[in-house]
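The following exercises are to be worked through with the sequence and the coordinates side by side. Each task is followed by a solution that goes step by step.

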Amino acid sequence: MTRYWVFLVAACFGCSGGETPTFNRDIAPIVFHNCAPCHRPAGPAPFDLLSYENVSARAEQIAFVTETRYMPPWKPKRSYGSFAGERGLSAEQIATIRRWVERGKQEGQSADLPPLPRWESEWELGQPDLIASMTSAYTLRADGPDIFRNFAIPLPVDSTRYVKALEFRPGNARIVHHATMMIDRSGAARRRDGRDGAPGFDGMSFGEAEDADGHFLGWTQGKTPYPGSDSLAWRLDPGTDLLLQLHMLPTGKEESIEARVGLFFADAPPKRRPAMLRLGRKDIDIPAGASDHWIRDAYRLPVDVEVLTIYPHAHYLGREIQAYAELPNGEREWLIWIEDWDFNWQDDYRFAAPVFLPAGATLVMEYAYDNSAQNPRQPHDPPVRVRYGLHSTDEMGDLTLQILPRRSEDLERLRRDFYRKWLGQEIDGYKKLLEADPQDWDTHHTLAMFYMRSGQRPLALEHFELALEYNPDYPEAHVNFGIALAQGREWEQAVAHFERALQSNPDFAEAHFNLGLMLEMLGRSAEAKPHFDAVIRQRPDMAEAIQQRLAKLRR
Amino acid sequence: MLVAILASLLLVGCRPDPPKALDLAGNPVDPFVNRAPAAVLLFVQTDCPISNRYAPTIARLHARFQPQGVAFYLVYPDRREDADAIRGHGQEYGLPGQALRDVQHALVKRVGATVTPEAVVLGERGNIVYRGRIDDRYMALDQMRPQPTRNDLANALEAALAGRPPDPSATEAIGCFIADLQ
């Protein structure tokens, strides 16, 4: 009897709570503020939620997706890290929506309707100092799996500038799920762009591109652009390209996309510079069927720091993400916890206030993977052994942190200390990649470059040779192999590889540059000259480097 | 005269026509009266992204099964979508099959469709042999596989053409709620 009584009370509490909500008074304020920023005409989300008619034609669905907290999308668990721009509804707001639906979706008094929100039709941060766009529109196919495509966007400046903010405009917002941007000062991305006959190039690798002096440049649907600050701007030199990686979802028909970026310059060079630390494992190897496979990585901070932003990354098998710091006093400071990881909603999260961590604190990441058939995002049927790799059906486990040392003079110490850890981690990972695909020329080349950086030249030479055995038409590998040979005083062989690079790509400025220097060193100045001329034609910005190197050689 | 008017009023009041789906010219169509060996009703919507994402799959299924005698119907249950909007949508997404407007949800109720996109396969005698998803690409609104692993509608059509019951004969479809549209 008592049990029934309790049940009745609970049931009545649910059904009679407050008066009947109306759209104009109770629902519009919730929807306009929390849903319409994306669900609006030309917004990134499908259909607009700006009228009674449109909201009531989705009412059950809105009640359902808010109750399950699929919408508004926000993955981190609350109060395990506090972030700028957190999205979400209160339990009370969610209950109000349900009550409105159950009580007949009343429209209410028109006087109660709040004014329609307005959005900047162009740039949210104001008029940019520089606007750059994809060099030509890309056509996305109608069907099939998601596409990752990279585009080199020239950022034309005539002198060095400092960028405090970058605003991304997807153009066709509904097909771009997220965008990640890096800086390419090498020209490598520009050379790859368009080689397969369409604008851009495929894949999830950033190649030679690097982060913008320790800054994340990312965009996801619904993200508000960050205005940045003069004191933390990044350097933009003439000749730099933005490497834009778009994650696009086919919509059922062919779509055209031409994304743009707006850059906002600071008045002066930045006073401080953050570091990007990327923890992670490249030796990921998950048995088929394993439903609870964990990886862990950790790094002990050598200096006092503030953590500004955090970017966890895994693919479809990733299930849970935990990142925290173990403080010297034994306490745990949470950085982020995502219980139901979703590759499609990855993002970089900026802390609401920088998180201070003292020297001696250890950064820890622990990720769980579900490679069983029960994982609803499982890309393989039946499940197969999955290893580290850049394809979305491989796995990754990275945690990138944007970190500002408390004292600017500690930056170099932090970077050197972390570099040692990182290099070992990269070499182990690329060796693992070769186990899975021993003939991957790109991996051999990358591994060779890492061996060069860690001072293991004989191993580097071995992998350059393998890269070129599997792909003899690989100009970048010929140039880098040539440089490695030259460092071992094998001059003639170096010359041969620079020449071979030019056979594959006659406009390759780096090949002309190195060949010119090599010939100059060998006393063949007359032969060197046309190569330097070719460099200056291709890359006027390299003229100064040529003069410096020649002056050095002649001393 | 007065009697005649009264009689017709009574007729309208007492025995209303049962709601019917209409083709784009406004003529009633009953896919259950069916001379084909099998028919498929695909519940779709012009602005449901999941429904739209399946357009190429629907076109492939049509290319494969229509020559074997399967009749394809695209059923639009959203009363906000008029004939012009539906025609434009069909062209934009290359959707094959006969488009029907089901604004009174006659077909929705008769077959128990819940979301767009959802498929219902009718057998030779107009009996429902399958209802549910097209494939298992979506497992929930926020759970999507890169590629489907089960092509449930294709399997159901093969079974219907072979005259055997499909296994499974019902699955849960994921998409935009039809309940909102009434």
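**Exercise 1.** State how far apart the C-alpha centres of domain 2 of chain A and domain 3 of chain A lie, and describe the contact on the side of domain 2.

*Solution.* The C-alpha centres of domain 2 of chain A and domain 3 of chain A are 24 Å apart, the domain bounds being taken from an automatic or database domain assignment. The contact draws 13 residues from domain 2 of chain A and 13 residues from domain 3 of chain A, where two residues are in contact if their C-beta atoms, placed from the backbone, lie within 7 Å. On the side of domain 2 that touches domain 3, the elements giving two or more residues are strand 5 (176-184) and strand 7 (217-220) of chain A; strands (E, at least two residues) and helices (H or I, at least four) are DSSP runs, numbered from the N terminus. The residues of this side divide into three nonpolar, eight polar and two charged, with Ala, Val, Leu, Ile, Met, Phe, Trp, Tyr, Cys and Pro counted as nonpolar, Asp, Glu, Lys and Arg as charged, and the others, Gly among them, as polar.

The model is predicted: local features need pLDDT of at least 70 and side-chain atom pairs count only at pLDDT 80 or more, whereas totals for chains, interfaces and linings use all residues. Residues are numbered from 1 along each chain as its sequence is written, while chains are lettered from A and ligands numbered from 1 in the order in which they are written.

**Exercise 2.** Determine whether A:Asp285 is buried, partly exposed or exposed.

*Solution.* A:Asp285 is found in strand 13 (residues 285-286) of chain A. A residue is buried if 20 or more other C-beta atoms, placed from the backbone, lie within 10 Å of its own, exposed if 12 or fewer, and partly exposed in between. Because A:Asp285 has 15 other C-beta atoms within 10 Å, it is partly exposed.

**Exercise 3.** Identify the residues that touch the most other members of the largest nonpolar core, and the element that gives the most to this core.

*Solution.* A nonpolar core is a set of buried Ala, Val, Leu, Ile, Met, Phe, Trp, Tyr and Cys residues joined through C-beta atoms within 7 Å. Of the 112 residues in the largest one, A:Ile153, A:Leu242 and A:Leu244 touch the most other members, and helix 12 (residues 509-521) of chain A gives the most, with seven residues. Leaving aside residues up to four places away in sequence, A:Leu242 touches A:Ala132, A:Ile153, A:Leu155, A:Met181, A:Ile183 and A:Val261.
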